[in-house]
Structure formats: structure tokens, C-alpha cells
Amino acid sequence: MSVKFDRFLYGGDYNPDQWLEYPEILSEDIRLMKKAHINTVSLGIFAWAKLEPEDGVYDFDWMEEIIDRLYENGISVNLATPSGARPHWLADKYPEVLRVNEARQRDLFGVRHNHCYTSPVYREKVRSMNQALAKRFDGHPGVILWHISNEYTGECHCPLCQQAFRDWVKERYHTIDEVNRRWNTSFWSHDYQNFDQIESPSPSRGEFSIHGLTLDWRRFVSHQTTDFCRMEVEALREAGAVKPVTTNMFYTNSFVNYYELADAVDVILWDSYPLWHKGPETLTAVNSGMQHDVMRGMKREPFLLMESCPGPTNWVPVSKLKRPGMLETASLQAIAHGSDSVLYFQIRKGRGGFEKLHGAVIDHYGKEDDRVYQECRQVGADLEALSAMNHAKVEASVAVIYDWENRWAIEESAGPRNENMYYREAVEKSWYAFRKQGVNMDVIDMTRTLDPYQVVAAPMVYMFRPGFAGRLREFVNRGGTLIMTYWSGVADENDLCFLGGTPGGLMDVMGLRSTEIDALYEGESNTVKSLDSDAVYSCEHLCQLVDLRTAKTLYVYGEDFYAGTPALTVNRYGEGLAYYVCADAEQAFYDDVYAKILREAGVRRILEQEIPDGVAVSSRQSGDAEYIFVQNYNSTPVAFVPRAEGGRVVFGEAGEEMRPFSTVVIEKNC
């Protein structure tokens, strides 16, 4: 389902349960929210102890009163299920809900996300809470969305999870002989005789050398987390809830395959905390922008930005203030990439606890002449000015593959580099090279269709998931352009290396066979040189050696014993082209090569202008209108006047130069 709201949602996490003894503060907060154009808040995310102060005793009256007051003042509610942090009485009465770590030690009560997703008791308590909330609040006109839990993450190794894992493995492979075959347990004589011997990997005390086991454990943890989320949604639906559901994802989560979790919710929602001002803003913008595209690519629909920080983020090593203009630029970046919201953590700073110094719309000071509050007020006004493009789609003809399971496999593969394989960085290089050419792109995993795209980049697809090689073959055969890189097609879904040559099942499509790969030490480098020009680029980390079959060499290595051998190749297969990038080359190589590939593939650019470094261009379409976002992430002005034939500037200033951290939006007919 496509979830559409009547406006851009603007607001964030609000925790009135921390202020029930201060009614004057609650009243003032509503006044300040309205003045800042805030129209949506998220309630109840960590309010379980107030909603159910003792087992089976619910107190929802305070929540209903607050929802009523917000609704009366034009503020909608994204209402949470509070399973992200259970109350003390629950852990005391039912110790099985607490997690067990990989050393098989049960955690003490504390922090949040310390609960077993397998525990029948925990599931039943959450189900009861969710159903009670649904019966009370789903019909309230002020509630527009259900927020399921909070940042699902982590793993549990308790006896309940061990048995659930065994059951999961048995359902997947049916026989223990098949487990031994798929996990290659004959290595180090680790064959299993029965399913009861299977346990989760434990580097501190047990098995961790079987990569098939480690990979399947990660799949199981993701499955169990997603199943828990589905249970929460089912509880709401069984109680009569009909409003859309979502859950907040976050950037660094390695425990949950978000493309899997995406299928359990109606709309994608994520928490974004880029480290602005730590390094060049242009690089931070790449990292943040790509993650927006990851989230949008899961459903190829507009998403929601759930959490961002209006001020300093307190849990990072250094809590840096956002420079003037940065909040607006970062917020509009989300809109440019397909978000239908800008929401913050948090609306008001708490007085105590871990996040009391985390940035907020309303400071402890509590007055509207605060600098951050005024910038938040400006962002709210911006979103109202841009309301015509609410729920506009991002139409992409280019895709980059970024896959959670492939990431897991690379992290566990034990070679060719164990310090850092730079997988995400490899994906970012392809993403940024496309973005510099001013084209929209989706970031998708290996399970998604390739039909909408003209060009697909598949960086470091070490593990081919089932069906992926076939989809790539068909994509190229029917006329698509594929860009694959080094360290691809090495292993199958169980991390078993392909026999007979790599990339597995695609040697004819790529027109080559990968032979060896040279891992370079930190600080060591090589070069790649064009055969058609004087262009020379550096490369580091990994250099793939290949044996050509039908492919043509475009670039060669410049140094070492493999100097003069292929570093970039192209092969015609069917109606399409397949490029193979052999080395982890510098960004400039990707920028130049991808520009040529896009031109030859006939990919439409959003602006037919050369785009300066640090300036990003993207667009959204609604009906016959295209809205083009041009953003300057440089801390200095840039001489650039964006021009779109037949377009008119509807936001920002398009003068002779773009101010630092500024945004221009152009509307034109499609």
C-alpha cells in the first residue's frame, strides 16, 4: 500500500509522560509547537511503565487527554507500541524476557532493547498491550499512524532462542546431512550428528569457524526480529486497528535485514544522525544521501524521516553544534530524496537520563528566542512552502546494489582483508559517481527487480543470493548496462565458494574469469591507466586479476607484477553491456568512467549542466510536475546557476552563486 498524508509531517518524538507533574510545561509546549509549524508528534515510544504501571493494570487516561489536546491544536499523533523498553516489574516477574549474550550469560535489567524476541511471555505481554492500545486509540481522529516499537536491534542466545534456531535450521534444510553439506562442516571435522548439537556461534566460548552457521544465525536473528514485528502488527489488526503501521530503522543496524523488515510495515521510516562538520560536508552528504536512497529503495515509495537532530547529538564522541543553515539543508536533503516528513528526536529536552543533553526543538531554557528553536521554526515554514510536492515520487532509471546478507558474508569471510573490506565505501563510490551526473537512483538489494532500470551497478557482490545471477543475465541480455566490480560472484548463499570459475554463473556475461585478488596493505597503492587517453588513477585495498575471454580491455594496471593486465573491461552480451571494475580505484575514476557509461546508455540527466563538486541534484515527480532540488553542501559559495528549460524557481535563490548550505527548488513540466 502507498501511504499518503495530506501534508509533509513535521515534528518529532514527544515525551509528555516525563512531564505529567508540570501541566504548565505541557501547555507551553503546544504553543511553541504550533508557532514552529509542528503538525505531528510521536507519542508513547518509551512509556510502558506509565501505560501499565503494574502487570495487567492499564492507565491510558493521561495519554488520551494529551492526544485530545494535540488534536484540538492541529497536531496529529504517530502512536507507538512501547515494546522497545520494558518496565522493571516485567523483568523482575518474568526473567526469561531478558536477553542472554553470546557467552550464555543473562543480562541484568537496564537500558533498552534488552528483551528476547522469542520469549512467549514477552510476546504475550506485548500482544496484550498492543491490543489494548488499538482498542482505545485507533479510532481517534488525531492518531494517523502506528509506530511499532523502536529501532529493533540486537540478538539473544538464550535456551528459547537456541531451540527456535534449531527449528529454523530444520525447516530450512530438512535433514542434518543437508546442513552438513550446505555448511561444509567437514572442515575441521565439525560434522553434526543431529539438530540438538546446533548452537548459535560464540567467538568467546564455542563455534565460530563455520561461516554457513554464522550467516544462517544472522538470518535467523533477522527473521526472529521481523517475526516479532509482524506479531506486533497482527495484535493491532486483531484488535481492529486499520491505520498504517511503520517502525523506525537506523543507519548502522547489522542485526536486521531491513529489506526483509520492510515487508512487515506499510511505510518505511528511519532515523538519521549524520556527523555534520566532522569532515567535509560534501562527504557527509554522500553518506546521508545514499542512506535516504537505501530506505526509499525498499518499497520504491516515499518514506518518512522519523528521527534527526535539531541540535547536537549527545551519544557521539563529540557533540558538535550544527552551523547556521545546516539544519535546513539536512532536512531538505531528506525531502529531495523522497521523504514525506522531517521529524526530530526530540521535541523537548528531558531533565534527566541518558538523553537529557541531546538536541531538541525546545531547550531546557523553554523560550522561543533560542537559536535552534528559530531554525526549527524556519524548517517548518519551508515544508509548508513546499507542500505541493508532498508524496511526489522519485523516478530512477539507475540502481546500485547494496545487500544486507552480502554485507554479513563479506564481514565473516576471513579474507582477503580482515581489517576492512570497505564494502559500503565501494557502494558509495558508485552512488556518488551517479549522483555527480545528476541522475536519480534507487539503492536496492539482490532480491528486487531490475526491470525499471537502464544501468545497474553491483559493487562487491561477493555472495550471489538465489536467482540474482539469473536476473543480472536477463537484465544485460535485454539491453541493460551492468557495472560489476572486483570480489564479486565468489560464493553462494551459504558462503560456499563457486567451483569452475568466478563470477559464478556469469563468466560468459562478463566475458572473463576472475583469477586472483591482491590485498594491499594500508598506505599501499597501485594505478590504473586508460588505453584511450592519458588518464591515470590510483587504487588501493583490493586489485582483482582477470583472464579475458570475450571482454575488451579499457584500462590496465600500472604497477607490480600484474602491470599491463586488465583493470577495467567491457563485454557485449545479448543486447547489453557488462563492465567489470577490477580495482578499488579512487573516486575520480568512478566519476569519469560512469559519466561516459551513462552518456552511452542514454540515461536522462536532471540538469544538462556540469555540476560542481559538493552540489547535489535530485528530483521528485507528481503528475505533470517535476521538482528539481539543487543543494550546495560546501561551506563556501559556489558559482553555479541551475537552469532547467521551462522551469521556474519555487524555493530559494538562484543568483550567480549558491550560498553555503543552501537549497534551490525548480518546478518544471515533465
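Lys 429 touches Asp 584, Ala 585, Glu 586, Gln 587 and Tyr 590, leaving out residues up to four places away in sequence; touching, or contact, means heavy atoms within 4.5 Å. This is a predicted model, where local features need pLDDT of at least 70 and side-chain atom pairs count only at pLDDT 80 or more, while totals for chains, interfaces and linings use all residues. Residues are numbered from 1 along each chain as its sequence is written, and side-chain values use heavy atoms, with hydrogens and water left out.

Back to Lys 429, which sits in helix H14. Helices (H or I, at least four residues) and strands (E, at least two) are DSSP runs, numbered from the N terminus. With a relative accessible area of 14%, Lys 429 is buried; the cut-offs are under 20% for buried, over 50% for exposed, and in between for partly exposed (1.4 Å probe, protein chains only). The side chains of Lys 429 and Asp 584 are joined by a polar contact of 2.7 Å. That term means a pair of N or O atoms within 3.5 Å; within protein, one must be able to donate a hydrogen and the other to accept it, and residues adjacent in sequence count only if both atoms are side-chain atoms.

On a 1 Å grid over the protein atoms alone, a cavity is a set of points where a 1.4 Å probe fits but cannot get out, while a pocket is an open set with protein on both sides within 12 Å along at least five of seven lines; lining residues have an atom within 4 Å of a point. Grid points are joined across faces, edges and corners, and a volume is the space filled by probe spheres set on the points. The structure holds six cavities of 30 Å³ or more. Here are two of them, with one pocket:

| Second largest pocket | about 370 Å³ | Arg 407, Ile 410, Glu 411, Asn 420, Met 421 |

For the second largest cavity, H11 provides the largest share of the lining, five residues.

Asp 370 caps the N-terminal end of H12, with a side-chain oxygen 3.2 Å from the backbone nitrogen of Val 372.

Two more residues are worth a look. Thr 246, in strand S5 (residues 245–246), counts as buried at 0% relative accessibility. A polar atom of the Thr 246 side chain lies 2.7 Å from the backbone oxygen of Val 267. Arg 471, in helix H15 (residues 468–477), is partly exposed at 28%. Thr 447 is 24 residues from Arg 471 in sequence, and their C-alphas are 9.2 Å apart in space.
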